[in-house]
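I'll jot down what I look up, chain by chain.

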Amino acid sequence: MTLTPEATQPAAHSAPPILAARELVKHFPVRSGGILRRTVGQIHAVCGVSLDVAPRETLALVGESGCGKSTTARLMLDLIPPTSGSVYYDGQPITGRSRAAIRVLRQSLQIVFQDPFASLDPRMPVSALLAEPLRIHGRYKPGGEARVRELLELVGLNPEHGARYPHEFSGGQRQRIGIARALALEPRVLVLDEPVSALDVSIQAGVINLLEDLQDRLGLSYLFVSHDLSVVRHIAQRVAVMYLGRIVESGPTDDLFAAPAHPYTQALVSAIPVPDPHRERARRRIVLTGDVPNPADPPSGCRFRTRCPTFAQRLRPDEQALCIDSAPELVDRGDGHPAACHFAGPSPPRLSP
Amino acid sequence: MADLQPGLAAPPPVAAEAITTQQRNQARMAARRFLRHRLAVTSLVLFVLVVAFAFLGPLLWSYDHTVDRAIPASTPPSMAHPFGTTTAGQDVMGQVMRGTQQSLKVALTVALISTTVGSLWGAVAGLYGGWVDNLMMRFVDVILVVPLLVLVTAMAGNVRGGTSWWAVALVISAFIWTGTSRVVRGVVLSLREQEFIEACRAMGASNSRIVLRHLIPNAAGPIIVAGTLAVAFAILAEAALSFLGFGIQPPDTSLGLLIENARAAPFTRPWLFYPPGVFIVLIALTINFVGDGMRDALDPRQTMTRR
Amino acid sequence: MAQPLSMTDVVLEVDDLSVTLPTDDGPVTAVRGVTFQVRRGESLGIVGESGSGKSVTSMAIMGLLPATARVTGSTRVLGQQLLGLDDARISTVRGRNIAMIFQDPLTSLNPVHQVGRQLVEAIQVHNPGAKRHAWTRAAELLEIVGIPDPQQRVHAYPHELSGGMRQRVVIAIAMANDPDVIIADEPTTALDVTVQAQVLNALETARAATGAALVLISHDLGVIAGHVDRVGVMYAGTLVESGTVDEIFYTPSMPYTLGLLGSLPRVDERRQHRLTPILGTPPSLINLPPGCPFAPRCPMAQDVCRDTEPPLRPVGAGTHAAACHFSDQLVGVAPSDLFRPTSIDLDALS
């Protein structure tokens with residue numbers, strides 16, 4: 001074990017997590033072409049991720065494309081089987097359970113997808129879309145019709161519009177339908193996979209407000225997967241930052257944004273454009289060089305070292321050797337929250353203005 | 001500050017003025033979309049007339065497809081015999097009625113069997129992927145390389161005197177469902193990557209539910225196209241089989257058989273050739289246009305759906 | 001905008017540009033009377049949501065719209081009218097005087113040619129010369145936009161490069177002929193934030209190296225805030241507000257701009273208050289009703305707003321202009337004073 005599961009647990013939360021992951025690993029085989037399709041490599045999509053989502057809390061999982069955040073979300077829902085590691089719902093392991101048991105669990109764990117155009121069956125009217133989860137679990141009769149109207153109202157849509165098809169709604173409205181569908185079975189946890197990324201800002205704000213209201217009203221817990229740090233700062237209580245399949249830093253949102261300890265988080269936070277010309281001009285950006293390495297062949301030791309400004313500019317060769325040889329654990333190194341960097345600390349003076 | 005904005009004092013218009021839109025019956029919407037398709041409606045009317053001609057015609061017409069000594073041999077179309085008569089003394093209209101009847105039975109049965117089997121086969125292969133897909137599609141490949149006509153010629157030797165129309169339909173179906181299955185598999189391969197299928201899984205939907213309620217309805221367009229092509233193909237295939245001595249044999253007849261018999265006649269006795277020919281074209285074309293209309297009618301994304 | 005500008009100063013002048021595109025549902029007037037100027041070395045941001053007409057505007061300037069599009073008004077580069085030029089004539093302007101960077105670098109690069117060859121082609125279109133020299137110049141350009149190992153990378157194919165690198169190649173191609181204007185249409189939308197920072201840096205470098213004016217089209221108010229001098233806000237196919245970047249962000253004079261700012265979560269602020277979305281959805285540009293296009297979503301709307309569309313007119317003394325009957329009432333108003341922090345969707349209830 002290179003990582004203590006408790007590391008990601010918030011100090012303030014005493015309640016046991018409603019959804020937790022321990023040492024999740026997911027490798028996707030890379031196959032050769034041809035008939036035999038031999039496995040020629042492994043994409044290390046997720047490598048030893050542990051997470052805790054507390055009841056009524058929003059935990060954001062952030063990172064750039066290809067960092068494994070969406071794969072982690074799907075592992076948490078058991079939509080794809082993990083290579084190793086396990087997921088716990090309400091203290092019970094859900095990995096490796098029987099189909100029937102998983103079907104029951106599915107009711108408590110639901111997902112909202114990114115693309116409101118692709119996530120709704122275009123051939124079904126909205127009332128049928130919302131009835132689908134109820135029918136699957138044999139909960140449509142009695143009272144299904146009333147429940148569908150109630151759901152539409154819950155997400156701020158007109159219950160009279162049940163006969164319309166998805167294409168007759170705008171993007172924001174479709175995303176509301178997706179949320180309504182996820183709520184149909186009265187889940188306790190929603191996994192939100194980039195739920196507002198495809199929406200225009202003026203529409204996005206309404207959906208964010210809706211998610212906040214629903215959490216208050218229904219006592220939901222959210223695992224909010226996003227690349228948009230502005231939205232994450234607004235909606236999440238805690239954040240976990242992923243890079244190349246690993247969590248590199250996690251902690252309460254305000255702490256993490258105010259004093260990011262990992263060089264990657266520092267670069268990420270500094271790169272987010274701010275809609276404020278004065279601040280934007282005054283800000284000092286940490287521009288990373290290079291691109292994310294190939295996940296089929298990740299760097300040894302710390303996976304960020306190939307792009308890390310600290311590694312390149314500040315470390316002595318013997319310090320660099322540590323980064324190359326050993327993967328840093330996700331532990332608190334005196335920053336108030338855990339970071340997976342041997343040299344974690346406030347943004348170094350040479351890099352800031 | 002609030003008194004500065006004239007609009008702020010007014011209460012925001014909310015749910016109170018919501019307009020009640022009528023619950024729209026899905027089947028009715030589909031029917032309306034179909035009726036909008038003028039060519040499809042015309043084709044449907046024509047097709048129904050062809051069916052009526054084939055199945056009700058014999059009840060009203062005084063001649064059937066068999067040889068009758070009262071019929072003069074080889075006369076061009078007249079009032080008594082609108083499509084003329086054959087050298088052997090058969091009424092061509094009576095023949096076309098019977099032939100259309102037999103061909104329609106074969107063609108529609110083929111369309112039904114091949115689309116059902118092909119769609120399910122393709123959808124299952126596409127949805128499961130991996131070795132299941134590999135196995136199922138290799139089986140399809142094996143069928144594709146077996147030459148239909150050679151096999152049938154071999155079989156024909158054992159069935160003297162022909163077989164019934166449904167045996168013909170089964171044999172043709174056994175070969176052409178593979179085309180549908182390949183088309184449907186292709187569509188499903190792209191559909192299953194879409195989030196709404198993943199959404200179904202997340203809700204706990206079973207695979208059979210995903211196939212029947214989500215994949216096949218969304219592949220309806222290509223399935224209908226494959227079905228209409230199957231109709232045209234089946235009529236022609238049936239003719240070929242009859243020629244090889246398998247399937248419908250004289251004295252019974254089919255459209256393909258009639259054309260086959262009139263092979264030498266187009267210039268000398270055109271009435272023998274053109275009536276069955278026109279009916280084949282008519283069936284193939286009208287089915288095609290009806291299929292187009294159905295495809296549009298079943299797609300809710302077609303415009304004109306708002307209120 | 002109200003100030004008279006000397007013609008020598010203006011490199012790009014768009015005057016009363018309108019574009020109507022035929023669709024299955026009827027003609028869509030995607031751009032309605034857009035007027036703006038860009039001076040030498042200046043950067044203009046055009047911000048708007050999807051369907052606001054910002055991309056169609058740039059396509060119209062470049063003459064890249066389909067032949068079925070009806071385009072009226074005028075677009076001039078260095079005083080030369082571009083609208084109505086035939087393909088051959090406009091090609092002499094494209095690339096040399098005006099260059100374009102699209103959102104998706106993969107589609108704007110030819111997948112079967114080395115990036116160096118595509119750069120050389122761009123250089124030679126307007127400067128037929130020694131091939132050797134063009135290849136050296138290609139490597140130089142790649143170096144300017146921050147691509148490591150430019151000598152090797154000129155021989156790379158587009159698929160061998162990452163998204164951020166491809167976009168930098170596109171920027172290098174755009175600057176190949178020292179254009180007077182670079183139009184960048186959502187150049188970083190498809191990219192991750194850390195890569196976005198690299199590409200925006202490359203764009204700044206390209207501007208500095210060529211002295212070109214920049215038209216930066218984006219939906220991201222953050223990107224706009226940091227990279228332009230002036231901003232035009234588009235809504236329903238027309239400019240509804242324009243001014244310096246400070247004027248737009250600190251004293252917005254059109255409720256739509258104010259609403260956009262209020263609906264934006266910010267990474268630099270603790271969560272203090274609820275966001276204030278703009279209710280409803282933008283109007284359909286097929287048969288746009290009379291009046292201000294924002295009126296149905298505007299909390300300030302009066303009868304006059306529903307009857308008469310306000311023109312873009314000066315606000316205050318500077319270049320700030322807004323298309324609103326009540327801009328003077330927006331002084332010192334915060335988004336939360338005007339918009340409600342609601343979670344319902346008004347449009348969906350009607």
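Below are my entries, starting with the ground rules.

**Ground rules**

I'm working with a predicted model, where local features need pLDDT of at least 70, side-chain atom pairs count only at pLDDT 80 or more, and totals for chains, interfaces and linings use all residues. Residues are numbered from 1 along each chain as its sequence is written, while chains are lettered from A and ligands numbered from 1 in the order in which they are written.

**Chain A, overall**

I looked up the elements of chain A and found 12 helices and 12 strands. Both kinds are DSSP runs numbered from the N terminus: helices are H or I with at least four residues, strands are E with at least two.

The radius of gyration of chain A is 21 Å, close to the 20 Å that the globule rule gives for 353 residues, so chain A is as compact as a globular protein of that length. For the record, that radius is taken over C-alpha atoms, and the rule is 2.2 Å times the number of residues to the power 0.38. The C-alpha trace of chain A spans about 70 × 55 × 50 Å along its principal axes.

I also checked burial: 55% of the 353 residues of chain A count as buried. Buried means that 20 or more other C-beta atoms lie within 10 Å of a residue's own; exposed means 12 or fewer, partly exposed is in between, and C-beta atoms are placed from the backbone.

Then contacts, meaning two residues whose C-beta atoms, placed from the backbone, lie within 7 Å. Of the contacts in chain A between residues at least 6 apart in sequence, 66% join residues at least 24 apart.

**Chain A, strand 3**

How many residues of strand 3 of chain A are buried? I get 5 of its 5 (residues 58–62). A:Thr58, A:Ala60 and A:Val62 point one way and A:Leu59 and A:Leu61 the other, all of them buried.

Next I looked for pairing partners; two strands pair if DSSP finds at least two bridges between them. Strand 3 of chain A runs parallel to strand 8 (residues 221–226), joined by 5 bridges, and also parallel to strand 9 (residues 238–243), joined by 4 bridges. I used A:Ala60 as a landmark: its bridge partner in strand 8 of chain A is A:Phe224, and in strand 9 of chain A it stands opposite A:Val239.

**Chain A, the open sheet**

Elsewhere in chain A I found 4 strands in an open sheet, order 2-1-4-5, with antiparallel pairing. Strand 2 (39–53) and strand 5 (92–93) of chain A are the edges, each pairing on one side only. Strand 1 (residues 19–31) and strand 4 (residues 84–89) of chain A are antiparallel over 5 bridges, and A:Ala20 stands opposite A:Tyr88 there.

**Chain B, helix 10**

I checked the length of helix 10 (residues 207–218) of chain B. At 1.5 Å a residue its 12 residues should span 16 Å, and the end C-alpha atoms are 15 Å apart, which agrees. The expected span is 1.5 Å times one less than the number of residues.

Which residues of helix 10 of chain B are buried? They are B:Ile210, B:His214, B:Leu215, B:Ile216 and B:Asn218. The buried residues of this helix pack against helix 5 (92–128), helix 8 (165–191), helix 9 (195–203) and helix 11 (220–243) of chain B.

**Chain C, two domains**

The domain assignment of chain C gives domain 1 (10–228) and domain 2 (233–339); such bounds come from an automatic or database assignment. Their C-alpha centres lie 28 Å apart. I noted 21 residues of domain 1 of chain C in contact with 16 of domain 2. Strand 2 of chain C gives the most to the domain 1 side, with 8 residues.

**Chain C, strand 10**

Strand 10 (residues 238–244) of chain C has 6 of its 7 residues buried. It is antiparallel to strand 9 (residues 230–235) of chain C over 6 bridges, with C:Gly232 opposite C:Ser242. In that hairpin, which has 2 residues between the strands, C:Ala236 takes a positive phi near 50°.

**Chain C meets chain A**

Last entry: the contact takes 45 residues from chain C and 45 residues from chain A. Helix 8 of chain C gives the most to the chain C side, with 6 residues.
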